[in-house]
Amino acid sequence: DLINNLTIKYLIHNFYKLQEKSLSNLVDKYPRVSDMVNVAKRRMPHFAAEYLFAGTGYDEALENNRKVFNQIFLVPQYLKGTVNPNLKTKLFDHEYDAPFGMAPVGMTSLMWPGAEIALSKMSVKNNIPYSLSTVACASVEDVGKHLNGMGWFQLYPPADKAIRNDLLKRAKNAGFKTLIVTADIPASSRRERLRMAGVSVPPKNNLRTFFQAAICPSWSIGTLINGIPAFGTMDQYSDGSWHGNAKSKAGFAGSQMQRYLDWDYLKEVRDLWSGPIILKGLMDINDAVQASKIIDAIYISNHGGRQIDIAPSPLQVLPEIRNKLGSKFPIIIDSGFYSGQDISKGLMLGADFIMTGRPFIIGLAALGDKGADHVHDILKDELSNVMEQICSKDIKELKSQKVVLGNDFYLRNPNQ
């Protein structure tokens with residue numbers, strides 16, 4: 001028995017040593033999210049990769065979301081000693097371990113099998129929020145089991161209020177406390193690259209799909225284990241009332257829901273939901289002011305460049321909106337954030353919290369479940385390092401740093 005106990009202890013010790021070595025090797029091999037992009041693309045079928053990386057139109061908004069970061073600069077001040085940064089951030093009476101979280105992403109398990117559950121577990125482990133999309137592949141009930149009451153549910157507002165009310169009830173019963181109402185989808189975008197790639201849920205049953213899946217065995221095996229992607233939350237309403245018609249349900253994105261949102265609808269949601277409500281997709285300052293009178297936070301976003309190709313980056317409207325709403329009202333932002341460096345810029349420009357989606361999916365696709373944790377660790381370490389470099393001891397101090405904006409950052413109204 002003594003020999004057996006010693007053997008077990010030896011094996012456990014070596015297991016953790018190997019695990020630590022593996023994580024250390026990841027940091028050396030993939031120190032940035034961008035270092036995993038090509039690996040992720042090789043392991044994903046083309047139709048899945050296109051859903052992850054494509055925008056809409058000519059991808060101009062998608063590209064501008066990245067370019068605008070090059071117009072934001074920090075002028076560092078020194079001779080302030082050294083600090084051990086504290087990244088903890090309080091939002092809606094919950095203290096998160098970092099000022100960023102997982103943004104809502106539709107069709108997640110199409111991009112990588114089992115993504116919703118893997119990302120939920122990663123978020124709880126690291127005490128950051130996870131947002132579940134209405135059109136995710138896993139249901140609100142299945143995902144809620146893994147979130148310990150920390151989940152945010154993103155509502156695509158159905159025109160059918162009976163479906164809306166049922167969705168809210170199901171989200172509440174599944175343990176979701178925070179609601180994100182998405183405003184920037186009054187109509188489906190064209191998403192031409194997705195049409196050309198033949199994206200659909202479930203994937204189309206043709207030779208092109210089979211070939212693309214066959215050359216990506218990790219994705220294919222994962223799909224066999226986790227099941228063919230479907231709309232886990234919405235498919236129970238598949239009598240046509242949420243999709244509009246059978247043709248749209250089988251369409252390129254599979255999310256052609258009949259939707260509707262105006263200020264009266266938003267007030268009805270406010271009456272129905274007892275927890276915090278975030279309104280996502282705002283870009284206009286007047287919309288932001290009006291929304292601040294109804295809901296608990298605004299979420300500035302251009303839908304990751306996937307809805308309207310002529311929209312600016314949310315960062316370009318953030319300073320004006322922050323100035324108008326004052327310093328206390330919570331502002332969340334996404335679209336184009338790939339690094340802790342990017343996150344620091346969003347915070348310094350006035351955001352309270354950053355959401356990001358594509359990087360976590362990239363990590364999953366490149367490295368499996370451990371890839372999501374690796375992305376979290378990269379973002380947190382990069383942000384922490386920026387704060388160490390400029391001696392900001394906490395997020396509040398980081399937000400007070402001096403920011404300089406390049407000439408190409410500003411939006412100019414030709415009528416003024």
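## Ser-384 in helix H18

Ser-384 sits in helix H18, which covers residues 369-389. The model described here is a predicted one. With a relative accessible area of 17%, Ser-384 falls under the 20% limit and therefore counts as buried. Setting aside residues up to four places away in sequence, Ser-384 touches Pro-85 and Leu-87.

## Helix H17 and the residue after it

Helix H17 spans residues 358-367 and is mostly covered, with ten of its ten residues buried. The buried residues of H17 are Arg-358, Pro-359, Phe-360, Ile-361, Ile-362, Gly-363, Leu-364, Ala-365, Ala-366 and Leu-367. Just after H17 comes Gly-368, which takes a positive phi of about 80 degrees.

## Nonpolar cores

The largest nonpolar core holds 111 residues, and within this core Leu-119, Phe-176, Ile-298 and Leu-315 touch the most other members. A second, separate core has twelve residues, among them Met-150, Ile-180, Ala-297 and Met-355.

When its neighbours within four places in sequence are left aside, Leu-119 is in contact with Met-102, Thr-108, Tyr-130, Phe-360, Ile-361, Leu-364 and Ala-372.

Strand E7 covers residues 178-182 and is mostly covered, since five of its five residues are buried. Thr-178, Ile-180 and Thr-182 point one way from E7, whereas Leu-179 and Val-181 point the other way. In a regular strand the side chains alternate between the two faces of the sheet. Residues on both sides of E7 are buried. Ile-180, one of the residues of E7, is also a member of the second core.

Strand E6, residues 151-155, pairs with E7 in the parallel sense over four bridges. Phe-153 has Leu-179 as its bridge partner in E7.

## A nonpolar patch on the surface

Which residues form a nonpolar patch on the surface? The patch consists of Phe-73, Val-75 and Val-404, which together have about 230 Å² of accessible area. Val-75 lies in the loop between strand E1 (72-74) and strand E2 (89-91). Is Val-75 buried or partly exposed? Its relative accessibility is 35%, so Val-75 counts as partly exposed, a class that runs between the 20% and 50% limits.

How values were computed. Residues numbered from 1 in each chain as written. Predicted model: local features only at pLDDT ≥ 70, side-chain atom pairs only at ≥ 80, totals over all residues. Heavy atoms only, no water. Core = buried A, V, L, I, M, F, W, Y, C linked by side-chain atoms within 4.5 Å. Buried < 20%, exposed > 50% of the residue type's maximum accessible area, 1.4 Å probe, protein only. Contact = heavy atoms within 4.5 Å. Patch = residues over 30% accessible without salt bridge, like charges linked within 9 Å, V, L, I, M, F, W, Y side chains within 5 Å. Areas by Shrake-Rupley, 256 points an atom, 1.4 Å probe, with all protein chains shown as cover. Salt bridge = Lys/Arg side-chain N within 4 Å of Asp/Glu carboxyl O. Helix = DSSP H or I, 4+ residues; strand = E, 2+ residues; numbered from the N terminus. Pairing = 2+ DSSP bridges.
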